[in-house]
Amino acid sequence: MSEKKISDIQKEYKEATIDVLPDFIQEYISDGRPGVSKLIGQAQKRMEKLRIEKERIEKLKEFEYKYWEKCDYVGGIDEVGRGPLAGPVVTACVVLPKDCDILYINDSKKLSASKREELYEEIMEKALSVSIGVVSEARIDEINILQATYEAMRQAINDSKVQPQVMLNDAVTIPGIDIPQVPIIKGDAKSISIGAASIIAKVTRDRMMVEYDSIYPEYHFASNKGYGSAEHIEALKEYGPCPIHRRTFIGNFV
């Protein structure tokens with residue numbers, strides 16, 4: 001039996017990162033005290049969750065593995081902001097390394113805001129290239145949202161630090177791109193590169209909308225991100241549109 005107090009072992013467990021958990025389990029598994037056994041159980045659950053997540057991520061690399069056999073640079077692209085009444089459409093193109101070890105990547109809509117922020121930093125640090133395309137609300141009104149999205153995607157691809165040899169796209173085929181493209185339905189939940197791009201695009205656009213909120217506070221852009229929430233529509237009816245509203249999207253309200 002360990003001579004350590006259970007409170008000390010609890011503190012040790014609380015501070016243990018996932019990579020030292022196997023050693024923690026090994027050290028205390030024979031302790032025998034109920035309090036320590038409970039901690040061992042918690043540690044084992046964490047290890048099991050990690051194993052399941054690593055399996056999920058491996059599955060998420062299925063498309064990448066297929067193209068990594070022939071290419072060094074596989075790009076993933078996604079957009080955010082096709083549906084809002086205000087603000088730009090934002091796209092991101094991400095090229096991940098073949099030894100990419102980032103866990104918890106998923107369709108950005110399935111992640112909490114804090115998890116997206118955390119993953120944004122990790123993707124920015126570990127990706128071979130992250131590039132952004134932004135097309136304004138004025139341009140959206142001029143050429144329509146679909147064409148504006150394609151324009152933003154071309155921007156992001158052209159600004160990539162490394163030229164992707166194949167593009168994995170979330171459901172679309174982008175006109176005017178010479179690179180081979182693979183459209184994947186619900187790609188942000190099926191490809192790690194598209195999932196990473198969806199996170200980068202979402203965090204980038206959300207931060208822009210928070211900035212806009214400080215300029216046009218009456219529309220509550222920090223919380224609605226320009227989408228047509230009841231509060232946003234009410235403000236639109238009361239104050240009329242501001243410079244970042246998409247005139248072709250708001251005809252029903254003003």
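Reply: Let us begin with Tyr-104, which lies in the loop between strand E2 (89-95) and H5. Helices (H or I, at least four residues) and strands (E, at least two) are DSSP runs, numbered from the N terminus. This is a predicted model, in which local features need pLDDT of at least 70 and side-chain atom pairs count only at pLDDT 80 or more, while totals for chains, interfaces and linings use all residues. Residues are numbered from 1 along each chain as its sequence is written, and side-chain values use heavy atoms, with hydrogens and water left out.

Me: What is the phi of Tyr-104?

Reply: Most residues other than glycine have a negative phi. Tyr-104, although not a glycine, has a positive phi of about 75°. Lys-225 likewise is not a glycine and has a positive phi, of about 55°; its place is in the loop between helix H9 (221-224) and helix H10 (230-239).

Me: Why does Lys-225 count as buried?

Reply: Buried means under 20% relative accessible area, exposed over 50%, and partly exposed in between (1.4 Å probe, protein chains only). Lys-225 counts as buried because its relative accessibility is 16%. Tyr-104, at 37%, counts as partly exposed.

Me: Is Ile-185 buried or exposed?

Reply: Ile-185 is exposed, with a relative accessible area of 58%. This residue lies in the loop between strand E5 (181-184) and H8. Contact means heavy atoms within 4.5 Å; not counting residues up to four places away in sequence, Ile-185 touches Ala-171 and Lys-190.

Me: How do the axes of helix H5 and helix H8 cross?

Reply: Axes are lines fitted to C-alpha atoms, for helices over the stretch in contact, and angles run from 0 to 180 degrees between N-to-C directions. The axes of H5 (residues 113-126) and H8 (residues 192-215) come within 9 Å and cross at roughly 115°. Among the residues that meet are Leu-119 and Tyr-120 in H5, and Ile-199 and Val-203 in H8. The residues of this contact divide into eight nonpolar, one polar and six charged. Here Ala, Val, Leu, Ile, Met, Phe, Trp, Tyr, Cys and Pro count as nonpolar, Asp, Glu, Lys and Arg as charged, and the others, Gly among them, as polar.

Me: How many helices and strands are in the chain?

Reply: The chain has 10 helices and five strands. Its C-alpha atoms fill a box of roughly 75 × 50 × 25 Å, taken along the principal axes. Of the 254 residues, 48% are buried.
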